Amino acid sequence: MQSPRRILLLLVSMVGAALVGWITAASMAPETRARGSRLAEDPQVESLMQQLQLQEELSEAERVLLLERLIALERLQEAEVALQPWITARSTPRELSLFKAELQRLNGQPEAARRSLNQLMLLHPNDPQVLQLLVLLDQQRGRQIQAKTELTTRFKGLEPGQRLEIGLLLADLLRQSGSHKEAVNLYRQLASEEPSNTRPLLALALLQQDQGHTNDVEALLKQARQRRDSNGQIDPLIDVLAGRLGLSAARYAASEQPGPTAMRADSGRP
């Protein structure tokens, strides 16, 4: 059974920030299992499930609490049951439908999950979260080639500047399938199409690190530090990634003193 962290993150996007602290705790194994054991002894879960079986209405707070605890216990089939009345009782937001599809996938219902995702795609044709779950579903079913073909078609159907999310997803799929050269080329293309965005460069840095190309990693981090957000700030993830990769920020930042040509090129920057 997979860790409940992924669907807990979906649950947070569905109900707001109230569960953020709980998710942080739940993601810290082995505390998750210990917490789950404690919750198994909590009669409130059984009481709320009994209310559902008797078709008694639960408040939104009660339903969120029940879903939270069922997921912690990895009782995912019951979580799907608890979610269903909530979906049918309202105009279903995207997050709830996505949450339902993820539960269906984890509960061994790939066809039901695909139907849910296909319905979402009609309303949100290029939504990166929906596409990501579709790709994951295809990978589990051995349809990597079909997933790659579908993503490539979607990517080519969008204009530069509108396809970053899909492009990053496609590049990651290429990386996972061993097509490292194609992934590198796509990351570089996205970095060129999104001159102020650091994400393609950081993703490429991780790929190059996996390939043992340390010098390329340092060069990519330098390039990323030259990019600024709308407030003129450097992306803090650059230094986080550098630390994770065992690189000193001073090591790759100190050599960034611009030469005369670079200074002229940057003269219009704030």
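User: Why does Leu83 count as buried?

Analyst: A note to begin with: this model is predicted. Now the label. Buried means under 20% relative accessible area. Leu83 has 1% relative accessibility, so it counts as buried.

User: Where is Leu83 found, and what does Leu83 touch?

Analyst: Leu83 is found in helix 6, residues 76–88. Leaving out residues up to four places away in sequence, Leu83 touches Leu67, Leu96, Phe99, Lys100 and Leu103. Take Leu103 from that list. Leu83 and Leu103 are 20 residues apart along the chain, and their C-alpha atoms are separated by 9.5 Å.

User: What makes Gln104 buried?

Analyst: Use the same test. The cut-off is under 20%. Gln104 has 5% relative accessibility, so Gln104 counts as buried. Gln104 lies in helix 7, residues 94–106. Apart from neighbours within four places in sequence, Gln104 is in contact with Glu80, Gln109, Ala112, Ala113 and Ser116.

User: What percentage of the protein chain counts as buried?

Analyst: The protein chain has 270 residues, and 42% of them count as buried. The chain holds 17 helices and 0 strands.

User: How many of the contacts join residues at least 24 apart?

Analyst: Take contacts between residues at least 6 apart in sequence. Of these, 53% join residues at least 24 apart.

User: What is the reach of helix 12 set against?

Analyst: Helix 12 covers residues 180–193, which is 14 residues. From first C-alpha to last, helix 12 reaches 20 Å. The expected value, at 1.5 Å a residue, is 20 Å, and the reach is close to that.

User: Which residues of helix 12 are buried, and what do they pack against?

Analyst: The buried ones are Ala183, Val184, Leu186, Tyr187, Leu190, Ala191 and Glu193. The buried residues of helix 12 pack against helix 10 (144–156), helix 11 (164–176) and helix 13 (199–210).

User: Why are helix 13 and helix 14 called roughly antiparallel?

Analyst: Look at the angle. The axes of helix 13 and helix 14 (residues 214–225) cross at roughly 170 degrees and come within 9 Å. Angles over 145 degrees count as roughly antiparallel. Helix 13 and helix 14 are therefore roughly antiparallel to each other. Helix 13 brings Leu201, Leu202, Leu204, Ala205, Gln208 and Gln209 to the contact, and helix 14 brings Asp216, Val217, Leu220, Leu221, Gln223 and Ala224.

User: How do you know how helix 11 runs relative to helix 13?

Analyst: The axes of helix 11 and helix 13 cross at roughly 5 degrees and come within 11 Å. The cut-off is again under 35 degrees. So helix 11 is roughly parallel to helix 13. Here Leu164, Glu165, Leu168 and Arg175 in helix 11 meet Arg199, Pro200 and Leu207 in helix 13.

User: How do you know that the charged end of Arg163 sits over the ring of Phe155?

Analyst: The distance limit is within 6 Å of the ring centre, and the direction must be within 35 degrees of the ring normal. The charged end of Arg163 is 4.2 Å from the centre of the Phe155 ring, and it sits over that ring.

User: How many aromatic pairs does the structure hold?

Analyst: The structure holds 0 aromatic pairs. To pair, ring centres must lie within 6.5 Å.

How values were computed: Residues are numbered from 1 along each chain as its sequence is written. This is a predicted model: local features need pLDDT of at least 70, side-chain atom pairs count only at pLDDT 80 or more; totals for chains, interfaces and linings use all residues. Side-chain values use heavy atoms; hydrogens and water are left out. Rings of Phe, Tyr and Trp (its six-membered ring) pair if their centres lie within 6.5 Å; planes under 30 degrees apart count as stacked, over 60 as edge-to-face and the rest as tilted. Helices (H or I, at least four residues) and strands (E, at least two) are DSSP runs, numbered from the N terminus. Buried means under 20% relative accessible area, exposed over 50%, partly exposed in between (1.4 Å probe, protein chains only). Contact means heavy atoms within 4.5 Å. The expected span of a helix is 1.5 Å times one less than its number of residues. Axes are lines fitted to C-alpha atoms, for helices over the stretch in contact, and angles run from 0 to 180 degrees between N-to-C directions. Angles under 35 degrees count as roughly parallel, over 145 as roughly antiparallel, 65 to 115 as roughly perpendicular and the rest as oblique.
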